[in-house]
Amino acid sequence: MFGKGIRGILTDARGRFPGAVILQDLKGGTRRPTASFRTRRETGVELRTSGSTGIRKRVFKPLTVLEAELSVLESTFGNELHGAGIVATVSPHHIYGLLFRILWPLCAGRPFLGETPLLWDDVLEAKSVFEKWLLVSSPAHLARVESLSSDAASGCRAVFSSGGALTPLEARQATKRLGTSVTEVFGSTETGGIGWRRQPGRKDSTHWTPLEGVQVNETPAGLLQVSSPWSGGVCLTGDRGTVGSDGRFLHQGRADQIVKIAEKRVSLTEVEKRLMEHPWIDRAVALCAKPGATPRALNAGVSLSPSGRNALAREGRSRFSSTLRSALRRRLDDAAVPKYFRFLDRLPMDAQGKVSKEAVERLFLVAYNPACTGPLKLKTSTVGSRREVNCRVPKELGYFEGHFPRFPVVPGVVELQWVMDEASRWKGKLPPLKAVEGLKFKQFLEPGQTFRITLDWKETAGGPVLSFSLAEGNVLFAEGRCRFS
């Protein structure tokens with residue numbers, strides 16, 4: 001349970017750690033620590049980076065370094081927080097959560113909750129412990145704040161967010177619902193805190209103000225370089241940006257977000273930015289197809305705004321995607337326009353409140369099942385000579401294999417077979433087929449798409465006639481007539 005090098009435990013629950021060296025009895029005891037320490041500069045905590053930009057790295061933070069950063073946080077924001085208790089939706093297992101929800105309140109003498117409420121109902125219940133409270137959160141939670149009524153978060157004195165940038169829309173929604181602007185904190189495990197900003201606010205509220213004692217410079221390569229008492233000297237980041245004459249800086253994405261598509265350099269950050277400028281999209285993440293994919297192209301996972309969800313239901317996936325691509329082509333090179341989309345209500349997040357790119361990548365890797373040959377039927381109704389069957393296209397449909405690579409659609413011949421199969425279930429053994437007339441395929445049927453098969457059976461002197469269509473609302477996928485002997 002206790003790893004090599006651990007000297008003792010600071011706790012108020014001594015009985016839960018039998019055999020451990022208790023450094024101090026926080027319940028009022030006077031027993032002196034039994035462990036001896038070296039200098040405060042040699043004593044500290046070992047953290048690990050999140051691994052979102054590569055292999056997780058160990059980072060040692062001496063107590064003196066942590067204390068220096070905490071002192072600056074208090075001098076910068078402390079005057080706004082008098083009498084407020086801390087409620088946090090972020091984990092204490094990374095640097096932001098450790099500092100803001102545990103170490104800072106401990107050093108400043110502010111009460112804080114040990115629990116981590118994840119739902120907004122739980123947050124509101126938790127904050128009722130305090131007359132005044134502040135929220136330590138992340139974009140993963142603040143993006144869902146629109147479910148709150150404007151008076152539900154009364155008493156909120158401040159909101160902090162880190163782990164990713166809030167969009168202007170998310171910042172406005174959070175300010176409206178929580179009654180106070182959001183203070184975003186920018187930094188990393190290696191550098192510690194770098195800067196902060198508040199949206200909405202002044203015209204240039206997208207710029208970041210360095211924390212006291214932090215100096216940010218721009219290298220000739222366009223990377224941000226940080227120097228502070230807690231960054232271990234000069235630290236070159238992997239972030240691109242520009243620095244103004246007043247020392248404030250603009251973050252322009254990760255340098256490792258540059259990929260090569262069709263021999264052209266493409267900024268994934270720029271693609272995401274252009275996507276999020278569209279009113280249909282709240283957040284976006286652009287991904288490069290795995291090396292070896294033919295052709296190599298971009299994928300994009302996007303979370304839709306309410307207007308985007310309405311447009312998708314109205315226009316269908318194919319036309320919706322085409323509209324997005326057309327909008328992007330006016331701002332980006334063709335090589336930077338995603339060929340494949342996944343439309344979601346929310347992008348998947350990890351425990352640190354960051355978009356999980358691995359989870360988004362998995363959305364593009366669907367294993368097709370050769371045994372899956374028909375649609376998933378949701379509801380069937382028959383009235384007289386008319387039959388309607390509500391269906392969904394299985395994502396693992398075997399016919400997607402090779403049709404087409406990286407852009408799976410239901411082949412037209414398969415759609416016709418589904419019509420004939422359903423007619424056989426309805427009418428029994430069908431007469432010999434004489435002809436298929438007026439056959440038209442209007443829109444692609446794609447994985448996960450819902451649709452309705454409509455069959456109209458009519459007896460004529462020349463033999464039965466089956467009129468059919470595959471549609472969803474106003475979107476027509478296919479239609480035609482079958483004549484039987």
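A disulfide is a pair of cysteine sulfur atoms within 2.5 Å. By this criterion a search of the whole structure, which is a predicted model, returns zero disulfides. Two of the cysteines illustrate contrasting surroundings. C107 has a relative accessible area of 60% and is therefore exposed, whereas C156, at 10% relative accessibility, counts as buried.

The average pLDDT of the protein is 83, and 87% of the residues score at least 70. Residues 25-37 have a pLDDT below 50, and this stretch makes 16 contacts in the model beyond near neighbours in sequence. The pLDDT is also below 50 over residues 291-295, where the model shows one contact beyond near neighbours in sequence.

The secondary structure consists of ten helices and 25 strands. Of the 485 residues, 44% count as buried. Among contacts with a separation of 6 or more, 54% are between residues 24 or more positions apart.

The largest nonpolar core comprises 33 residues, of which F100, W104, L134, V136 and F160 touch the most other members. Two or more residues of this core come from each of helix 1 (63-77), strand 5 (84-88), helix 2 (95-108), strand 6 (132-137), strand 7 (156-161), strand 8 (182-188) and strand 12 (223-228). Another core, of 27 residues, lies apart from it and includes V393, L397, V414 and L466.

L66 is located in helix 1. Its relative accessibility is 4%, so L66 counts as buried. When residues up to four places away in sequence are not counted, L66 touches V45, K61, I95, L99 and L103. The C-alpha atoms of L66 and W104 are separated by 9.6 Å, the two residues being 38 residues apart along the chain.

H94 occupies the loop between strand 5 and helix 2. With a relative accessibility of 14%, H94 falls under the 20% limit and counts as buried. A polar atom of the H94 side chain lies 3.3 Å from the backbone oxygen of S91.

Salt bridges number 19 in the structure. In one of them, the side chains of E184 and R197 meet with an N to O distance of 3.1 Å. This pair links distant parts of the chain, with E184 in strand 8 and R197 in strand 9 (residues 192-199), 13 residues apart. E184 counts as buried at 1% relative accessibility, and R197 likewise counts as buried at 8%.

The salt bridge between E437 and R481 has its closest N and O atoms 3.5 Å apart. Because E437 lies in strand 22 (residues 433-441) and R481 in strand 25 (residues 475-484), the pair ties together parts that are 44 residues apart in sequence. Neither residue reaches the buried class: E437 counts as partly exposed at 25% relative accessibility, and R481 is partly exposed with a relative accessible area of 34%.

Salt bridges also occur in linked form. E270, R274, E277 and R331 are connected in a network of such interactions.

Conventions
Residues numbered from 1 in each chain as written. Predicted model: local features only at pLDDT ≥ 70, side-chain atom pairs only at ≥ 80, totals over all residues. Heavy atoms only, no water. Core = buried A, V, L, I, M, F, W, Y, C linked by side-chain atoms within 4.5 Å. Buried < 20%, exposed > 50% of the residue type's maximum accessible area, 1.4 Å probe, protein only. Helix = DSSP H or I, 4+ residues; strand = E, 2+ residues; numbered from the N terminus. pLDDT = per-residue confidence, 0-100. Contact = heavy atoms within 4.5 Å. Polar contact = N/O pair within 3.5 Å; in protein donor to acceptor, adjacent residues only side chain to side chain. Salt bridge = Lys/Arg side-chain N within 4 Å of Asp/Glu carboxyl O.
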